[in-house]
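Take a look at the model below. This short report follows one stretch of the chain and then turns to the ligand.

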Amino acid sequence: MTHFGVTLSQFIMEEQRRFPEATGNFTLLLNDIAVSCKMIAAAVQKGQLANILGATDNENCQGETQQILDVIANDLFIKNNAKRGHVAAMASEEMDDVYEIPKGSPRGSYLLIFDPLDGSSNIEINGPIGTIFSILKTDKENPTEADFLKEGVEQVCAGYCLYGSATMMVLTIGFGTHGFTLDPAIGEFILTHPNMTIPKETAEYAINHSNRNLWEPPMRDYVEACDLGKEGPRKKKYTMRWVGAMVMDIHRLIQRGGIFAYPMDSSLTEKGGRLRLMYEANPMALLVEQAGGIASTGYERILNLDPQHLHQRVPVIMGSTEDMTIILDNHKSYAKETGKEFTHKCEQYQ
Ligand code: F6P
Ligand code: MN
């Protein structure tokens, strides 16, 4: 059966058959997420015509100035999910604490965690931006932060919506990574990229090069070797790409292979890294692994990290297996030299 023409809701309903105990709530939750993303896409496309570009006077708990669109996107997720009865609680990059479902509203058994608008420095330049989300299951009626702090392997669903030249939703419920393109004529996400598979080999990497003097040796060695091109140990010419919006940089590598890295550097030691574990690293790691890639901090598999708090930051390195193997080998040797712990194990890297 060709998948073309299948809508996101039809796809999820078919997938639900894998779980005979399913009640349909998960399908409804994904519908609400899709509606939220379509509304964000509509706002993003209007851009300055709707007078929604620019910064607010607020900072989020990460100390970043909130853009007007960050706030709009966060509000849309809250409005479309809070009272629908599918989630037990929510958390987001833009909210310091767990969002509790209003008293008297029905509640479900899912925890929804999201980065409403990733790459927000691209908003004002009309560059690609996205939404990232992760879904966990809970049996608590009034979940607290501690209930969110589960290993990434526990995610029942992870996905992102990319507001690029086309709007695309890419998601996994643990059986492959699948891409849907928004058909603006009918307002539906259509399955256009079933079973996305990251090519094992690559000659492309994405990293903020301006931090190179601060990186740890394993990452610096990898990039230096790539940059030597055909004459270097990799014996091929590499290209560097950095959009500055994780959703776009990861989407590119899921489509055509590559490495994405925001590694540990000496300016980030205190923070623990740059990207957030719960709503950036974990969902992207599940999508990348489900598409056949590897996702690591350099030393540990991201999906096996034990989260300490909602807004925790971690180093992130993910992508094509061949180059990830070189990067992990670099970290392994460095760990041996320095007495650091190296525990990364997964199907693709033993
Ligand atoms: O959310 C954090 C983020 O905006 C990512 O989307 C992106 O990959 C990264 O930060 C960009 O970092 P930098 O400002 O160093 O380019
Ligand atoms: Mn982000």
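## The annotated span and the ligand site

In this predicted model, residues 198–327 are 33% helix and 16% strand. The end C-alpha atoms of that span lie 17 Å apart. What does the record say about residues 198–327? An unreviewed UniProt entry annotates them as "domain: Fructose-1-6-bisphosphatase class 1 C-terminal".

Now to ligand 1. Where does ligand 1 sit? The space taken by ligand 1 is the largest pocket. Around ligand 1 there are 13 residues. D118, N208, M246, Y262 and E280 come nearest.

What classes of residue make up the shell around ligand 1? Six are nonpolar, three are polar and four are charged.

| Residue | Part of the residue | Ligand atom | Distance |
|---|---|---|---|
| D118 | side-chain N or O atom | oxygen atom of ligand 1 | 2.7 Å |
| M246 | backbone N or O atom | oxygen atom of ligand 1 | 2.7 Å |
| E280 | side-chain N or O atom | oxygen atom of ligand 1 | 2.7 Å |

D118 and E280 reach ligand 1 with side-chain atoms. M246 uses a backbone atom instead.

How much of ligand 1 does the protein cover? On its own, ligand 1 has 400 Å² of accessible area. The protein covers 82% of that area.

How values were computed:
Residues are numbered from 1 along each chain as its sequence is written. Chains are lettered from A and ligands numbered from 1 in the order in which they are written. This is a predicted model: local features need pLDDT of at least 70, side-chain atom pairs count only at pLDDT 80 or more; totals for chains, interfaces and linings use all residues. Side-chain values use heavy atoms; hydrogens and water are left out. UniProt positions are given in the numbering used here, feature names are shortened, and annotations may be inferred rather than shown by experiment. Helices (H or I, at least four residues) and strands (E, at least two) are DSSP runs, numbered from the N terminus. A residue is near a molecule or strand if one of its heavy atoms lies within 4 Å of it. A polar contact is a pair of N or O atoms within 3.5 Å; within protein, one must be able to donate a hydrogen and the other to accept it, and residues adjacent in sequence count only if both atoms are side-chain atoms. Accessible areas come from the Shrake-Rupley method with a 1.4 Å probe; for residues, only the protein chains shown count as cover. On a 1 Å grid over the protein atoms alone, a cavity is a set of points where a 1.4 Å probe fits but cannot get out, and a pocket is an open set with protein on both sides within 12 Å along at least five of seven lines; lining residues have an atom within 4 Å of a point. A molecule sits in a cavity or pocket if more than half of its atoms lie within 2 Å of its grid points. Ala, Val, Leu, Ile, Met, Phe, Trp, Tyr, Cys and Pro count as nonpolar, Asp, Glu, Lys and Arg as charged, and the others, Gly among them, as polar.
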